[in-house]
Amino acid sequence: MAKLRYVGSWSLIPELSFYEQGAPPDAAEYMIGFAGGAVHLSISWTGIVALIRNG
């Protein structure tokens, strides 16, 4: 199997981030994994209140 280039975890650096709407979270971690033939994505944000709209 080919090596997966984008599997790993990344931490947000809020002071270097640009957000078009609202402030960035105080902290965030993004994780991409691969197991059982499927890609798994996990996003963890702290210090922000999110408004989710559908449609």
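1. Basis. In this predicted model, local features need pLDDT of at least 70 and side-chain atom pairs count only at pLDDT 80 or more, while totals for chains, interfaces and linings use all residues. Residues are numbered from 1 along each chain as its sequence is written, and side-chain values use heavy atoms, with hydrogens and water left out.

2. Overall make-up. The protein has three strands and zero helices, and its pattern along the sequence is β-β-β. Both kinds of element are DSSP runs numbered from the N terminus: helices are H or I with at least four residues, strands are E with at least two.

3. Burial and surface. Of the 55 residues, 5% count as buried. Buried means under 20% relative accessible area, exposed means over 50%, and partly exposed lies in between (1.4 Å probe, protein chains only). The protein exposes about 5,100 Å², and carbon and sulfur atoms supply 58% of that area. Accessible areas come from the Shrake-Rupley method with a 1.4 Å probe; for residues, only the protein chains shown count as cover.

4. Contacts along the chain. A contact means heavy atoms within 4.5 Å. Among contacts between residues at least 6 apart in sequence, 18% join residues at least 24 apart.

5. The sheet. The three strands make an open sheet in the order S1-S2-S3, with antiparallel pairing. Its edge strands are S1 (8-11) and S3 (38-46), each pairing on one side only. From one strand to the next the twist averages 10°; axes are lines fitted to C-alpha atoms (for helices, over the stretch in contact), and angles run from 0 to 180 degrees between N-to-C directions. Two strands pair if DSSP finds at least two bridges between them.

6. S1 with S2. Strand S2 covers residues 27-35 and pairs with S1 in the antiparallel sense over four bridges. Trp 10 stands opposite Tyr 30 in S2, and Ser 11 stands opposite Glu 29 in S2.

7. S2 with S3. These strands run antiparallel and are joined by nine bridges. They form a hairpin with two residues between them, and Gly 36 in the turn has a positive phi of about 60°. Phe 34 stands opposite Val 39 in S3, and Ala 27 stands opposite Thr 46 in S3.

8. Glu 29. This residue is in strand S2. Glu 29 counts as partly exposed because its relative accessibility is 32%. Leaving aside residues up to four places away in sequence, Glu 29 touches Ser 9, Trp 10, Ser 11, Ser 42, Ile 43 and Ser 44. Glu 29 and Trp 10 are 19 residues apart in sequence, and their C-alpha atoms are 5.7 Å apart in space.

9. A nonpolar patch. Val 7, Phe 34 and Val 39 form a nonpolar patch on the surface, with about 260 Å² of accessible area together. Val 7 is found in the segment before S1 and is partly exposed, with a relative accessible area of 40%. Patches are made of residues with over 30% relative accessible area and no salt bridge; like charges are joined within 9 Å, and nonpolar side chains (Val, Leu, Ile, Met, Phe, Trp, Tyr) within 5 Å. A salt bridge is a side-chain nitrogen of Lys or Arg within 4 Å of a carboxyl oxygen of Asp or Glu.
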